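Work through the following exercises with the sequence and the structure open. Each task sentence is followed by a solution in steps.

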Amino acid sequence: MILTKITAVLRKDLLTAVRYRNGFVFNLISPALQLATFYYLARAVGPQFRPDGMSYLMFLIVGTGFYTFLIAGIHSFLHAIQEAQQTGTLEFLMTTSTPAPVLLFLSTLSSFAGGFVQFVLYVASGILLFATAVKVSLFGALLVIALSLVIAAAIGLFAAGLQLSIHKGSAVLWLLGSCAWLMAGTLFPVNALPRPLQLLSNWLPFTHSLTGMRLAIFDAGNQAALLHEIKFLAFFSCALFPAGIGFFAWTLRRARQYGRLAFY
Amino acid sequence: MLFTEVTPIAPMNAVALESVTKIFCQRALLTRCVREQVHALSNVSFELGAGEILGLLGPNGSGKSTTLKLVSPLLLPDSGRVTVAGFETRSAGQAVRRRVGFALASERSFFPRLTARENLEFFAALEDIPGNECRTRTEHALLEVGLADAAGKQVMKFSSGMHQRLAIARALLKRPQVLLLDEPSRSLDVAAATRLWDLMQELSQSGIAILLATHNFAEAAEVCDRVAILQKGSLLALSPCANQNERQLRDSYLHITQEPSLVPWNEEVPA
């Protein structure tokens, strides 16, 4: 039965995306433009700058690509609620036989799938076009992706819950996204930050997601470092996911109690 | 199985409201003190049997839509109990949702870029209906509300009346035990409204209980077995409406809502 639901949601999302033709085309073009931007930025910085022992271009591609994948995934939870509130479908969806958390996860599937394909294309294009040497740990990369997805889903559930309760989940996500953009090592290595921010960055799950992913793609030999990042990610997953589920269930119940389900 | 079925606690009525109160509070931003309270429903009780059509009449803001939402269960009561086929909405929401079909009054409850058929197939899939069955039920529901010819049309090109009919088709997809209709004949032309009334009567004959919020006295007189009159969240009267025509029903309604003190709760509507 869940397969029927997954198919129905993916079909609905695909049909909607294709029928907004201009947006669909822009979405296809923008990753190529971003890739070109990174190339020229790396050229401007020069080849002597090698953060974490890799070319700056690949540092940027993996950092930004994986960060975008995770943030877009988190946003998709918020967006699922926001869009359903604005199109007026939320109330009806909440009367269907599918439980609300399942509905929410289903609604984010296409965003996560699209983001993942984009990330893989980013990295593959970077490696093929700029002939970068790689030393991949496939298992490590998959583990980092899986744990990062659990963390992204947990934060997404918090965002969706905030949208239901304060109707401004986007503001909180914007703040979180900006902090992660600054401190997680997306555009530059974390050790370029002042010491207090480096310490703070250590408590951001994204820092470990990005470092773990870079290690898994370019430095698979450094297993101790990769394992260290995976341990952090496992800790964040175990702590955040149950909390996210609990928070969403609580805000949903409050929204039903106070009649604010469709408010936005 | 992720969610298990809960055993019904009192399987006699399709719907039962027992002393249900629903209050909406507006709170101050920082102190969270209650600034304003709206009693959407105050101590309302009634029952609805299988195959019965109960009309909810009342002015705007009287609590009709709130009653439907409490049964759906989009809302939870502050006190009292709402049960559907013996399942309480607070503790067995999932079991209730499987049994209730809701046609919302809002026009904006579909995906505008999808066609009517695509919308219904999507919502059918969410109701745990298997793939092939989804298509069959979709076609059947479209036919029932007279939208078979417009099945391939994008919903954003639909008129208000077509939206309304599509909402009813969607509510029928899961073959509910209880059907909630919020002003279903609003925006419908005479032919479509008549067709809808026939459909309601067919559904009630097949055992579906229908709770109908309406401002339309002709509709209430035509299809309802009983009517409940609500005002400011209170149930003023609950009565069979057999042998009452539209005019008689309107007169009774005006009499009761203008002089509510004369009519104690749940007393028969004077003919």
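**Exercise 1. A parallel pair of strands**

Which residue in E7(B) does B:Gly101 stand opposite?

Solution. The model is a predicted one.
- Step 1: Locate the two strands, E6 (residues 100-103) and E7 (residues 178-182) of chain B, which pair in the parallel sense over four bridges.
- Step 2: Look across from B:Gly101; the residue of E7(B) opposite is B:Leu179.
- Step 3: Sort the residues of E6(B) by direction. B:Val100 and B:Phe102 point one way, B:Gly101 and B:Ala103 point the other way, and all are buried.

**Exercise 2. The surroundings of E7(B)**

Determine how many of the residues of E7(B) are buried, and find the strand joined to it by five bridges.

Solution. 
- Step 1: A residue counts as buried if 20 or more other C-beta atoms lie within 10 Å of its own.
- Step 2: Go through the two faces. One side carries B:Val178, B:Leu180 and B:Asp182, the other carries B:Leu179 and B:Leu181, and all are buried.
- Step 3: Five of the five residues are therefore buried, so E7(B) is largely enclosed by the rest of the structure.
- Step 4: The strand joined to E7(B) by five bridges is E8(B), and the two run parallel. Here B:Leu179 has B:Ile210 as its bridge partner.

**Exercise 3. The six-stranded sheet of chain B**

Give the strand order of the open sheet of six strands in chain B, and name its edges.

Solution. 
- Step 1: The order is E6-E7-E8-E3-E9-E10, and the pairing is mixed.
- Step 2: E6 and E10 (234-240) of chain B are the edge strands, since each pairs on one side only.
- Step 3: Ignoring direction, neighbouring strands are turned by 15° against each other on average.
- Step 4: E3 (residues 53-57) and E8 (residues 209-213) of chain B are parallel, with four bridges, and B:Ile53 lies opposite B:Ile210.

**Exercise 4. The four-stranded sheet of chain B**

Describe the open sheet of four strands and the helix that packs on it.

Solution. 
- Step 1: The strands follow the order E2-E1-E4-E5 in chain B, with antiparallel pairing.
- Step 2: The edges are E2 (34-48) and E5 (87-88) of chain B, each of which pairs on one side only.
- Step 3: Ten bridges join E1 (residues 15-27) of chain B to E2(B) in the antiparallel sense. In this pair, B:Gln26 is opposite B:Glu36.
- Step 4: H1 (residues 64-71) of chain B packs on the sheet, touching E1, E2 and E4 (79-84) of chain B. The direction of H1(B) makes about 115° with that of E1(B).

**Exercise 5. A helix and its neighbour in chain A**

Why does the distance between the ends of H6 (residues 138-166) of chain A agree with its number of residues?

Solution. 
- Step 1: H6(A) has 29 residues, and at 1.5 Å a residue they should span 42 Å.
- Step 2: The end C-alpha atoms are 41 Å apart, which agrees.
- Step 3: Find the packing partner. H6(A) and H7 (residues 169-183) of chain A pack at about 145°, with axes 7 Å apart.
- Step 4: List the meeting residues. A:Ala159, A:Ala160, A:Leu162 and A:Gln163 of H6(A) meet A:Gly169, A:Val172 and A:Leu173 of H7(A). By class, this contact has five nonpolar, two polar and no charged residues.

**Exercise 6. The core and the contact between chains**

Find which residues have the most contacts inside the largest nonpolar core, and how many residues each chain gives to the contact between A and B.

Solution. 
- Step 1: The largest nonpolar core has 151 residues. Those with the most contacts inside it are A:Ala160, B:Val71, B:Val178, B:Leu180, B:Ile210 and B:Leu211.
- Step 2: H3 (residues 56-87) of chain A gives the largest share of this core, 18 residues.
- Step 3: Follow B:Val71, which touches residues including B:Val15, B:Val100 and B:Val178.
- Step 4: For the contact between the chains, count 24 residues from chain A and 30 residues from chain B. On the side of chain A, H1(A) gives the most, with seven residues.

Technical notes: Residues are numbered from 1 along each chain as its sequence is written. Chains are lettered from A and ligands numbered from 1 in the order in which they are written. This is a predicted model: local features need pLDDT of at least 70, side-chain atom pairs count only at pLDDT 80 or more; totals for chains, interfaces and linings use all residues. Two residues are in contact if their C-beta atoms, placed from the backbone, lie within 7 Å. Two strands pair if DSSP finds at least two bridges between them. Axes are lines fitted to C-alpha atoms, for helices over the stretch in contact, and angles run from 0 to 180 degrees between N-to-C directions. The expected span of a helix is 1.5 Å times one less than its number of residues. A nonpolar core is a set of buried Ala, Val, Leu, Ile, Met, Phe, Trp, Tyr and Cys residues joined through C-beta atoms within 7 Å. A residue is buried if 20 or more other C-beta atoms lie within 10 Å of its own, exposed if 12 or fewer, and partly exposed in between; C-beta atoms are placed from the backbone. Ala, Val, Leu, Ile, Met, Phe, Trp, Tyr, Cys and Pro count as nonpolar, Asp, Glu, Lys and Arg as charged, and the others, Gly among them, as polar. Lists of a residue's contacts leave out its neighbours within four places in sequence.
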